[in-house]
Amino acid sequence: MTKFQIPEANNRLACFLLFLLFGLETLSFITCQNILNNVIIKDVSGNGLNSYPLQIGRVFMKGEIKTAPGVLFNGTQLNSQAQVTVRYDDGSVRFATVSTILPTFTRNAMGELVFFPYSSMPAKDESCTINEIFKQFPNMDIKLTVSGNNTISSVSAKDMINKGYYQWITQGPIRCELLVVDHITRAADFGLYGPKSLRPIFYFNFWRTIGTVSVRTVLENSNLDTLQDVAYNVTISHGVTNPTILYSKDSISHWFGTRWTRVFWFGNSIPEPKVNIDYNVTYLAMTNMFPNYLANNTMTEARISSYYNNWLKKAKGIFDAGLWQIYQPTTGMREDIGPMPAWKSAWVVMGDWRFREISLVSADLAGSWSAFFREVDSSLYFDREKNISAIGKPISLNAHPKLWFPDNAGKYVGSLNVPRLANPGWVFDGAHQPDPFSVAYMLTGDHYYLESLQLWVALGVMRYPAGQYGRGKDGYAGITDQVRGNAWTVRNRAYAAILSPDGSPEKRYFLQAMDDAIAYWEGQRNVTAGSQLLNHPNRLWAQQNTAFQWSPLRFWTRDTNTKQAAIWQESFMLIILGMLRDMGFNTEPLLKEYHKVLTSQFNAPGYDISGFNTGNFYAVAATSAASFLTNYKNGPELWEFLKSNVFDKFDYSTSYPRSFIIYPRSFLSPEFPTTSIPPSESKSGTSSSVVGELSLFTILIILLLQFI
C-alpha cells in the first residue's frame, strides 16, 4: 500500500508527479525507478502487537525531506514526531529520529511504514515535565549500589533528578527523553577507593501517551583525573518503596576507560522483541551512508536459527564478550572486521529481530574496551578556536595538542598510581578495530550509541603521537597506522563527524579531524588535482616532513624495509575511501590515483589472476573494493571480472565476509553529498523535535501514484 510502483509505460506521468511531490533535486536521485522510502514491520511473536512504541533512526536522501519527515502506516497518517539532528548543505534532512505508536497488529501481521515530507510544522506544546513522568510512575526510581573493599556506595536516579542533574534530549508529543548525569560539578560521582572514579548516567525514555518508560542505566570509569581500576559487586534496583532487584553481578573488574549499560522497561506497552523490521536496504544504500548491499537474501531460516542459538550460548552480562574477539590484535579474519560487523550487515539487509538483538547487545558490550575517556578540566578547551570548555566532553586533541594516549609503553597520562586489576583480555587495536556503534545509532536513534561513537572516535584521535609517526603537526589529527588501521580509524571518524548533531562542538571537532587526516595523506603523496585542502596546515607539514615518492603501482605506504603492504589491506583502504567519497568527504583526489593499486593489476601483461578463482577472503576484499572503482580507468572491467569469478560463484551468506559483499552504486547519480566543516558553530546542538501535518496536495499525489 502507498508504494511508488512505476510501470515503464507510465514513467513520464510518474516522474511528473514525483517532481511535484519532492522537487527536481530529489528526482535526480530517484531517476524514476521503483523507489520508496519505507520499512516493513512484521510480528513474528505469534502474539500480535498493541500500542507498540517505535523509535527508529533514519538517514534520508539529499533533497527528499525539506522540513521534517512524517509517517504513514498502511496508508494512514500516524501521529509522530521527528527529531532532526543532521541536515544537508541545502537544508534538507539527512538524519532524524522518528517516534510513533503503531496501531494494533493481529498476530503474524505485516504493515508498511512510509516516510513522507511534511509541508508545514505547526507549533505545538511539546514540553515534558519531571512531574509528568513521576505522576504516571510514582514509584519510579533506579538505584545503583556497588560494594567492595568493606564499603558500600549507591546513587539514586530520582535523587539526581531532584538535585537538577538532568537535561532533556528530546521533547515531543509522543516521546520525551531525559538524560540524568552531572558532567560539570561531578557531585554524583562515587567510588570505593578514595577517588570517585565511577560516574552514573541514566536515560529515561518516556512514551507519554501509552504509560511506558524505559531506563538505560550506565556506569562509566572515564574521568581523566581519577583513572583507576575498581573491583566491586553491583545491584540495580527499582522502586522508591519496596524496591525490587532488576540485575546483580558479583566480582566485576571495572577497568578504567570502560562503561557498561543495562536497559529496563516499565509500564503498559513494553515492546515485543520478536518483531522484524525490514529497513529497506536498497533505499539505505541510496542515502550513501550504507554500502550497497543487495536486498535479496540467501540466508535460510535454519541458518539464522543456528546463528542465533550460538549467540544464546554466549555470556552477555557486564563486561562479557558476547561475539566480540576481545583481544583486537588477534590475527586472521573474523566477523567483527569489515565495513561493519557481519551481524550488523545481516541486520541491515534482513531486519530480522534476532540480528537486531545481537547487534544492539553487542554494541552495549563494546563499552568493555578501554576506549571511553572524558575531559575534567574546565580551564581546557574542546575546540580548536578555544571557545568551548572541554569539561565533560570526550578527550580532545585541542585540550592536549601533544598528548599520546596511551603512549607506546601503554601508559595513560593522568591515571592514578595504584595497582591495576588483572587484564580481562579486552585490548584495543587500530588495525583490527570494529565499528560497534554507527549502525546501531543510524537504525535506532538511541543517543547512547551516538555518545559511545563519539567517545570511541575521540580516543582514536589520541592513540597516535604527534609528528611523523602519527598525527603530523602538533594539534592536528592525521592518521598513521597499518594500511588497514588507517581505513578502520577514518571510517569510524567519518560516521562520528556526520552523525554528530549540527551545530554541536563534537561535529565541528570530528569534521576538522577528518580534514586533518585527508590533508595529511594528500601532502605525503603530493596529491594536488581536485584537492580542497592545498593550504591545510597538516598537508603543508606532511609535505615538509613525511612526503615520499608514490610508487607507480600506488601502494599506500612502505615499511622500513621498503616492502609493500598486503594487497588485501590495500583493498580495505580502497573500500573505506570509496565509502567516504560517497558520504561526501573529498577523498576523490586520493582515489583518482590510488585506484591504480588494484585496477592496474588487471591490465598488466602476464598478471596471474588464478588466485581470484578460489573465492577466498582476499578475492572477496578485492571484489568489494572494485565495487567503488567503476568510474575509473579499467574499473568497469575489473568489477565485471571479479563479480563473475567471486561473488557469482560462491555463497557468502553465512560466512564472515558477509559485510564485504558490496555492489556498485550504479543506480545513483554520480553527484555525492558535500560533507564539510560549517562556517561557524554554536555552543549547543540545533536538533529539534517537530510535528506537522501531511498536506492535502501531498496526499493526492501519493494516491495518484497508486493508480499509474
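Helix 11, which covers residues 483-499, has 17 residues and spans 25 Å from its first C-alpha to its last, close to the 24 Å expected at 1.5 Å a residue; the expected span is 1.5 Å times one less than the number of residues. Helices (H or I, at least four residues) and strands (E, at least two) are DSSP runs numbered from the N terminus. Because 17 of the 17 residues of helix 11 are buried, this helix is largely enclosed by the rest of the structure, where buried means under 20% relative accessible area, exposed over 50% and partly exposed in between, with a 1.4 Å probe and protein chains only.

The model is a predicted one, in which local features need pLDDT of at least 70 and side-chain atom pairs count only at pLDDT 80 or more, while totals for chains, interfaces and linings use all residues. Residues are numbered from 1 along each chain as its sequence is written, and side-chain values use heavy atoms, with hydrogens and water left out.

Four strands form an open, antiparallel sheet in the order 9-8-14-15, two strands being paired if DSSP finds at least two bridges between them. Its edges are strand 9 (151-156) and strand 15 (244-254), each of which pairs on one side only. Strand 8 (residues 142-148) runs antiparallel to strand 9 and is joined to it by six bridges, and Leu144 has Val155 in strand 9 as its bridge partner.

Gln55 lies in strand 2 (residues 52-59) and, at 18% relative accessibility, counts as buried. Its side chain makes a polar contact of 3.0 Å with the side chain of Asn205 and reaches the backbone oxygen of Gly445 at 3.3 Å; a polar contact is a pair of N or O atoms within 3.5 Å, where within protein one must be able to donate a hydrogen and the other to accept it, and residues adjacent in sequence count only if both atoms are side-chain atoms. Leaving aside residues up to four places away in sequence, Gln55 also touches Arg175 and Trp207, among others, contact meaning heavy atoms within 4.5 Å.

In soluble globular proteins, nonpolar side chains tend to be buried together.
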